[in-house]
Amino acid sequence: MKKFNRVITILVFAFLYIPMIVLAIASFNSGLDVANFKSFTLSQYANLFKDDTLLKLLRNSVLIAVLSSLVATVFGTVAAVGIHSMKGRLRKAVMTMTDIPMTNPDIVTGVALALLFAFTGTMLKINSILGFWTLLIAHITFNFPYVILNVMPKLQQMDPDLEEAALDLGCTPFQAFTKVVIHEIMPGIISGALMAFTMSLDDFVISYFVTGSGFITLPVEIYNYTKKPIQPKIYALFTLMFTVILILMVIMNLLQAKSEADRNGRQVQRRARA
């Protein structure tokens with residue numbers, strides 16, 4: 001049975017990563033045909049960094065991803081602490097409401113936000129309300145639950161006696177929060193921020209409905225590229241984006257593993273002292 005499970009796992013990973021490997025190989029191909037590798041070249045990457053339009057779109061995507069992840073991380077962390085302090089059915093109800101945006105289809109969320117912004121624009125008598133701010137608000141909205149999802153487990157794992165000890169030693173509630181609680185849940189905060197950044201960076205569906213002509217992100221523009229033969233420099237761009245996201249995911253997993261190891265180490269020390 002173990003052998004069968006290993007084979008299935010290998011097949012699943014092959015199915016997931018072989019397309020990305022093919023894409024990476026194509027980005028170093030001097031030819032235009034993906035199935036025919038002519039020779040190794042870096043010209044596609046050189047052409048990419050010479051394309052001011054693509055670089056501008058990439059900057060737009062990174063800007064939105066950074067700002068939305070920062071705002072979502074701050075508010076998501078505060079919300080997670082508030083939810084953690086709730087009890088019983090209220091806590092379950094709030095967590096259920098928090099999970100709904102993550103399970104809701106992106107196209108439904110995108111259309112709903114577009115209608116909301118259109119209604120707001122009508123009320124404020126703004127003809128072209130869709131743009132940078134609507135895009136930023138939309139990204140903060142769908143990033144918010146992911147931060148809560150990452151911070152909540154760390155709050156549950158934290159020893160509640162630590163905060164009480166800080167208060168007994170003279171800390172104010174704010175000092176206990178900033179010096180003790182934040183320190184204990186920092187791996188969850190960082191993981192939430194990284195996940196929010198990656199979700200925002202490659203979002204297309206929601207962005208498509210809430211962006212305007214004055215501010216367009218890279219995934220939305222790439223959709224137009226798929227309607228005609230894709231230029232090889234796009235392969236290079238996709239490869240770079242995949243590499244960045246892969247690195248961020250590895251960092252997030254390492255942080256989670258380190259946090260788990262530290263927590264187990266503290267538990268062993270407490271047992272030894274007891």
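I began with the largest cavity, whose volume is about 30 Å³. On a 1 Å grid over the protein atoms alone, I took a cavity as a set of points where a 1.4 Å probe fits but cannot get out, with lining residues having an atom within 4 Å of a point. The volume is the space filled by probe spheres set on the points, which are joined across faces, edges and corners. By this rule I count one cavity of 30 Å³ or more. Its lining consists of Ala26, Asn29, Gly31, Leu32, Asp33, Val34, Pro232 and Tyr235.

**Ground rules.** The model is predicted, so I kept local features at pLDDT of at least 70 and side-chain atom pairs at pLDDT 80 or more, while totals for chains, interfaces and linings use all residues. Residues are numbered from 1 along each chain as its sequence is written, and side-chain values use heavy atoms, without hydrogens or water.

**Salt bridge.** Next I searched the whole structure for salt bridges (a side-chain nitrogen of Lys or Arg within 4 Å of a carboxyl oxygen of Asp or Glu) and found one. Asp51 pairs with Lys233 at 2.5 Å, N to O. Asp51 sits in the loop between α2 (43–50) and α3 (52–84) and Lys233 in helix α11 (residues 232–273), so the pair ties together parts 182 residues apart in sequence. Both Asp51 and Lys233 are buried (under 20% relative accessible area, 1.4 Å probe, protein chains only).

**Ser68.** I then turned to Ser68 in helix α3 (helices are DSSP runs of H or I, at least four residues, numbered from the N terminus). Ser68 counts as buried, at 0% relative accessibility.

Notes: Helix = DSSP H or I, 4+ residues; strand = E, 2+ residues; numbered from the N terminus. Buried < 20%, exposed > 50% of the residue type's maximum accessible area, 1.4 Å probe, protein only. 1 Å grid on protein atoms, 1.4 Å probe; cavity = no way out; pocket = protein on both sides within 12 Å on 5 of 7 lines; lining within 4 Å.
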